Amino acid sequence: ATSFVDKPTPDVRSVSFVTLGDGSLYHGHFWSAFHLARNARYRNIKCPVVFGISDNGLSISYKTNGYCDTLFKDDLIQLYQCDGNSVEDVFLTTDKAVRVARQCSVP
């Protein structure tokens, strides 16, 4: 099976990977990408993207107070959570999310 770290071949579908911290959830660039992905999912348009969000509850000048958890509640985009302190858990969870995005062409 192909892992997200394997060298791409012509028969492997590309997946966009967006990584950010929870403090960046308040920026317009994230909202544009997030709503585009949600709209594509709603309309059944191929949009293989994974949002990798590091949620430590802090931004540069304020606490984020768990806001990240509310974004994917009952959402069109599947939520995958892992222990950010475990490299293995981050790797395995990311690999699973990328596999689903690649195979199903969904966010």
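Which elements are included in what covers the buried residues of α3? I found that the cover includes β1, at 16-21, and β2, at 49-54. The model is a predicted one, and I kept that in mind for each entry below.

I then listed the residues of α3 that count as buried, and these are T93, T94, D95, A97, V98, A101 and R102.

I checked the length of α3 next: with 18 residues at 1.5 Å a residue, the helix should span 26 Å, and because its end C-alpha atoms are 26 Å apart, the model agrees with that expectation. Just after α3, I noted that S105 takes a positive phi of about 55°.

For confidence, I looked up the mean pLDDT by element, which is highest in α3 (residues 87-104), at 95, and lowest in helix α2 (residues 67-71), at 79. Over the protein chain the pLDDT averages 85, with 89% of the residues scoring at least 70.

I went back to the overall layout, where the protein chain has 3 helices and 2 strands, running β-α-β-α-α from the N terminus on. Among the contacts between residues at least 6 apart in sequence, 73% join residues at least 24 apart.

Last, I looked at burial and surface for the chain: of its 107 residues, 28% count as buried, while the accessible surface comes to about 7,400 Å², of which 53% belongs to carbon and sulfur atoms.

Methods
Residues are numbered from 1 along each chain as its sequence is written. This is a predicted model: local features need pLDDT of at least 70, side-chain atom pairs count only at pLDDT 80 or more; totals for chains, interfaces and linings use all residues. Side-chain values use heavy atoms; hydrogens and water are left out. Helices (H or I, at least four residues) and strands (E, at least two) are DSSP runs, numbered from the N terminus. Buried means under 20% relative accessible area, exposed over 50%, partly exposed in between (1.4 Å probe, protein chains only). Contact means heavy atoms within 4.5 Å. Accessible areas come from the Shrake-Rupley method with a 1.4 Å probe; for residues, only the protein chains shown count as cover. pLDDT is the predictor's confidence in each residue, from 0 to 100. The expected span of a helix is 1.5 Å times one less than its number of residues.
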